[in-house]
Amino acid sequence: MLSLARKISVPAATRFATRATTLAAKPVLSTTPRRLQVRSYSNELSNAAAEKETIVKLLYNIGSRKEVEQYLRHFSSVESQKFAVIKVGGAVLTDELETLASALTFLNRVGLYPIVLHGAGPQLNKLLEDAGVEPQYEEGIRITDATTLEIARKVFMSENLKLVDALERHGTRARPIPGGVFVADYLDKDKYGYVGQIKSVNKDAIESSIRSGALPILTSLAETPDGQILNVNADVAAAELATVLEPLKIVFLNEKNGLYHGVTGKKIETINLDEEYDDLMKESWVRYGTKLKIRQCKELLDGLPRSSSVAIISAGHLHKELFTDSGAGTLIRRGHKLFKYDQLDQVDPDKIRRIMETEDSVVKNGETSVASYLRDLQKKNVTLYTDEPGQVLAVVTKDPADPSKPAVLEKLLATKTAVLNNVPDNLWNTIRKDFDVLTWRVGAKAEDGNLDRSWHFERADGSLRNPQDGSTMFFYGIQDSDSVKQTFDGFGKTKTGTRSYSTFVQRRGFASAARPKNVGLIGARGYTGRELINIINNHPNLNLTHVSSRELEGKPLDGYTKSALTHVNLKPEDLKAQEEVDAWVLALPNGVCGPFVNQVETDVKDGKSSDKVLVDLSADYRFDNTWTYGLPEFNRKNLAGATRISNPGCYATGSQMSLRPLLPFFDQHAAPTVFGVSGYSGAGTKPSPKNDPEVLRDNLLPYSMTNHIHEREVSYQLGKPVNFIPHVASFFQGIQLTVNVPLNKTMTSDNVREVFNEFYAGEKLVKVLQEGEPYVRDNSGKHFVRIGGFSVHPDGKRVVVAATIDNLLKGAATQAIQNLNLALGFDEYAGIPLE
């Protein structure tokens, strides 16, 4: 039963008006009780205001006061139902229910009323499986028969009430609205069954819920005019709802926290559709789900006001996305098309005049006029940027007498509306592409403008402050201190000739970033340790300073030419004394590295050592979520700057490379099977039948045929069960993987090959063969994975993929170097031969 007494859920004005009406309707027997009653209401309103103030202050932890308050004003400036439509995937309800309830409660506590619409796909699939009903799809649409519809109705009602109950537990009133909002006709009854195409949206239930102070919680079920329930895709329903309500935000919650670039692996922070859509859709990595989502967002936003935008975000990062300039997920908006002019007479002078008169402090305070500035600008080589409605302006100049001097950003002006829509960020990205080196000056009162000083610091490589006038000179792209001094000559000098405070080294520190980093290797005796030494010996940015091996202690290190090293036998307690080491690589057997890790953690906590990057090559931390899983092709964004990295296993790397592109096409009722054969170097240096050439001659040894550590690792990382059967053969180095994948849809060999081509487009250490199968002998000693075969069964529902990987290189040492490069701030492929 819904609670009717939530103290702070109703908007203050509505709540006060309601109570005033109630008081007026009651007979009053004396004035004293009435005064007491009014005082209690007044106290309640004060408590609500105090609670809102407290929560707003909590928001200051994720953004500046200015950011939070301007977004609150922005969101509060529209009717409640026009704030946001939030679409929640079924997986979020299962995995992040409490996080979602907490996030929605936060929004409600500051007076906002998001309209929540949820799906229930995973839950429906589970119940259909339990009922023995196999899901059927046609062109990506779930075929819904009477049995499926009945189960779907129950699932949606159950999940709807589950979210409502969670919100109520958090003290937030919520109203379940499982139906009555969407009116639909059959999409194609003969083809899809009970699947609807929305024709209209009834807002009455939504508006009634908000008026009563409750969050409306909707499902995507629709009804025909005569009352027949129809199933509608939740994304489609959310888009139809947004089209009618025209909210400021349409939020799609997913567990990935955004969209990711298919080549760099980095999260896409912003997509400005007017500027980027056509080029973006031509990118080879924009495929399948990503392409569909971007296209759907464009079609949705094309019909909405420019103030509307789409955010793709996880539940836990919702506040940061909504209340900070930088955001947290992926923001998709129409934006404003930017225009670039290389001559002053190409741009409309009235557009320049309007924004300078409203946003330029030196014009507003009378220090100069627009006409005077434009006249002076004619003497310089100038590049101007502005947008269609004239909400931003950037002026970049070059000295015609000395083209070697850095370009100067003379003006960067933006209206408040432009800042709220992140137009300056889009403009900045364009400027960065056009100018490799740039300097600009920000006055002492920049905080009074729409872009505060912190915005500039975040985008600069360094800065210099002038104590005389409080202004700051910023720069990026200058690579050495002499050039910086030359650029800043004459700026920021005091009367005594001493230079003012500079952040050239302290802020961004690229003097130190260019310094080679020192690596210590613990476990140097093994084959992988040997390969690591070889790569570091040719690495432009890494030096080996320690090689530790109990068996080789005291013996000189052969094959390393940068310096003379002798093997040592380091104990865990010895590591804190090696302060010059930036990263330790732990090339130890499973179950051995724990004491080293624990000692480093303790020394850092006790202040006896600075923190170090730890790269563990064993399996000890591959299932520990506090460590970063080091498969860069799938996890680059988290590896940059990471300090605890678990290097994947060799079989696990090859298996995931073979399986991950096909993950959306896995048959949910049949697990893939990986048949793996490794050279005997994979069995290590400790003598055993698995690395004895005599035992292996004319032989193939299966081992650990179920529950191998790499079977568990691959299944854990993919989130799907995978069967793995390992073997060891008589060759020394390399792995052959034959991977059998049952499919959930009919595909051809060309379809599968295209999936891999698109998935790995731009990956320098993955080679997708266009014909034939990869051979171990061709890949032994190479640093990349080869994938090919792509043989599909005649029924089109099963594919076999073949892959080869060098177990000591990409399966171990090369991958460790990739991880070190990313963690220490170097190019990912530095030191790695790419052919």
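The model is predicted. Its protein chain has 835 residues, 51% of them buried. The chain contains 31 helices and 34 strands.

**Overall contacts**

- Take the contacts in the protein chain with a separation of 6 or more: 71% of them link residues 24 or more positions apart.

**Cysteines**

- A disulfide is a covalent bond between the sulfur atoms of two cysteines.
- The count of disulfides here is zero.
- The cut-off used is a pair of cysteine sulfur atoms within 2.5 Å.
- Cys-297 has a relative accessibility of 2%, so this residue counts as buried.
- Cys-593 is buried too, because its relative accessible area is 0%.
- The threshold behind both calls is under 20% relative accessible area.

**The open sheet**

- Seven strands form an open sheet with mixed pairing.
- Their order is E29-E30-E28-E31-E34-E33-E32.
- The edges are strand E29 (701-702) and strand E32 (766-768), each of which pairs on one side only.
- Strands of a sheet pair through backbone hydrogen bonds, either parallel or antiparallel.
- E29 runs antiparallel to strand E30 (residues 723-728), and two bridges join them.
- Within that pairing, Pro-702 has His-727 in E30 as its bridge partner.

- Strand E28 (residues 673-678) runs antiparallel to E31, with six bridges joining the two.
- Strand E34 (residues 798-805) is also antiparallel to E31, and eight bridges join this pair.
- Asn-740 takes part in both pairings: Asn-740 of E31 is the bridge partner of Thr-673, and Asn-740 also stands opposite Val-800 in E34.
- In a regular strand the side chains alternate between the two faces of the sheet.

**A helix across the sheet**

- Helix H26 covers residues 650-659.
- H26 lies across E28, E30, E31, E32, E34 and strand E33 (785-792).
- The helix runs at about 40 degrees to E31.

Key:
Residues numbered from 1 in each chain as written. Predicted model: local features only at pLDDT ≥ 70, side-chain atom pairs only at ≥ 80, totals over all residues. Heavy atoms only, no water. Buried < 20%, exposed > 50% of the residue type's maximum accessible area, 1.4 Å probe, protein only. Helix = DSSP H or I, 4+ residues; strand = E, 2+ residues; numbered from the N terminus. Contact = heavy atoms within 4.5 Å. Pairing = 2+ DSSP bridges. Axes fitted to C-alpha atoms, helices over the stretch in contact; angles between N-to-C directions.
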